[in-house]
Amino acid sequence: MSSYKIALLDGDGIGPEIMAEAVKILKLVEERNDISFELTHAPFGANAFFESGHPFPDATKDICDKADAILKGPIGLSHEESQKIPVDMQPERGALLPLRRRYNTYVNFRPVYLPLGLAHFSPLKPEIIGEGIDIMIIRELVGGLYFGHKETGINEDGRRYVSETLEYTEDQIKRIMEVAFKTARKRKKVLHNIHKSNVLKSSVLWNEICVEVAQDYPDVEVINILVDAAATYLCLNPGMFDVMVMENMFGDILSDQGGGILGSLGLMPSACIGPEKAYYEPSHGSAPDIAGQNIANPYSMIGSVAMMLEMSFNLDAEAKRLWQAMQSVFAKGFSTPDLSKAGGDVKLVSTSDFGDMVAEELASMPTN
Ligand code: NAD
């Protein structure tokens with residue numbers, strides 16, 4: 001029997017609520033497969049800061065270091081509550097970016113997926129959705145503006161200033177491009193390279209490397225699109241995209257737009273992969289506006305579990321069944337409140353009910 005250690009970083013806001021559903025599923029996967037998971041919860045984010053004075057405490061680092069994979073809930077507080085934490089200790093700067101840096105998780109896979117049967121969740125018109133939405137956004141996760149040199153101070157004129165640097169080396173760009181081309185090769189063999197080379201020199205280098213890496217993938221067609229235009233096309237014609245590759249900040253923003261065209265950020269799981277360690281997290285934040293009400297959509301968290309089963313534990317078939325189980329719950333007419341906005345005849349269920357229903361669906365499927 002294979003045995004794996006998983007660090008569970010519940011996070012803030014809706015984090016613990018959706019993590020509880022992920023744990024239900026992990027326990028069921030254990031029962032159904034020749035596998036055992038050692039699950040260890042560890043504080044991370046604003047809760048950790050208030051408990052121990054640091055959003056990524058040493059004890060949590062130790063648990064993550066020893067883990068085979070990390071499952072992370074969203075972190076963060078409302079804008080107003082965040083002001084209670086010193087700027088450098090606020091959850092993203094003090095915990096999330098250090099987590100990504102520690103494990104060099106340079107690839108972020110963010111699937112934007114809505115099968116035709118669930119098209120009613122999308123705010124887009126049926127004629128725009130066509131055969132459904134199925135895009136893989138690949139975001140570079142440890143470079144660019146978020147990780148470059150930062151400086152604040154008072155300039156010669158006595159005025160406050162801030163400076164943040166967008167930095168990439170050719171090696172950083174090359175390795176994410178390799179992942180993007182390999183992914184495109186496994187799918188429709190079309191790669192949309194998202195850039196802003198009309199303004200940013202970083203994008204000029206980005207595009208040069210894209211052309212160089214493309215030499216090794218002659219079977220993959222590359223289509224270059226400016227990031228601002230890509231934002232428009234995501235709304236007007238999402239079907240034109242299959243695999244999209246982009247730098248860190250573009251990916252942060254466009255992938256949230258991906259959640260928007262699906263109908264909710266609650267449909268956005270993700271995988272963050274480094275050379276030796278991977279962590280999995282919903283793409284969205286801690287949703288303080290709905291925290292504590294048992295109404296958050298746990299799909300993003302359970303979907304992150306599915307990505308972990310496939311990418312960290314080679315349980316591809318079980319991962320597929322888990323996706324199917326979630327789609328079946330929706331297909332039977334159930335949904336969480338975030339997905340009821342589009343109207344239609346939906347039966348509203350709570351976070352924990354949704355988790356139970358997914359578990360029931362999965363339990364009813366054969367293993368092999
Ligand atoms: P958010 O992603 O938390 O929420 C945006 C909107 O989407 C809200 O209306 C929210 O209710 C809804 N939403 C998000 N997830 C949902 C789910 N699973 N089910 C139903 N509805 C859902 O963005 P925000 O409000 O701008 O940020 C809140 C906090 O999260 C901030 O502190 C921010 O810094 C942080 N944040 C953290 C991460 C992360 O941990 N990786 C990512 C983004 C934002």
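**Rings and helices**

F50 is partly exposed, with a relative accessible area of 47%, whereas F49 is buried at 16%. Here buried means under 20% relative accessible area, exposed over 50%, and partly exposed in between, using a 1.4 Å probe and protein chains only. Keep in mind that this is a predicted model: local features need pLDDT of at least 70, side-chain atom pairs count only at pLDDT 80 or more, and totals for chains, interfaces and linings use all residues. Residues are numbered from 1 along each chain as its sequence is written, and side-chain values use heavy atoms, without hydrogens and water.

A search of the whole structure finds 10 aromatic pairs. Rings of Phe, Tyr and Trp (its six-membered ring) pair if their centres lie within 6.5 Å; planes under 30 degrees apart are stacked, over 60 edge-to-face, and the rest tilted. The F49 and F50 rings have centres 5.5 Å apart and planes at 70 degrees, so this pair is edge-to-face. Elsewhere, F121, Y299, W323, F330 and F354 form one aromatic cluster.

Now to the helices. Helix α12 (residues 316–331) packs against helix α13 (residues 351–363) at about 125 degrees, with axes 8 Å apart. The two are therefore oblique to each other; that word covers what is left once angles under 35 degrees count as roughly parallel, over 145 as roughly antiparallel and 65 to 115 as roughly perpendicular. The contact (heavy atoms within 4.5 Å) involves residues of α12 including R321, L322 and F330, and residues of α13 including F354, M357 and E361.

Conventions. Axes fitted to C-alpha atoms, helices over the stretch in contact; angles between N-to-C directions. Helix = DSSP H or I, 4+ residues; strand = E, 2+ residues; numbered from the N terminus.
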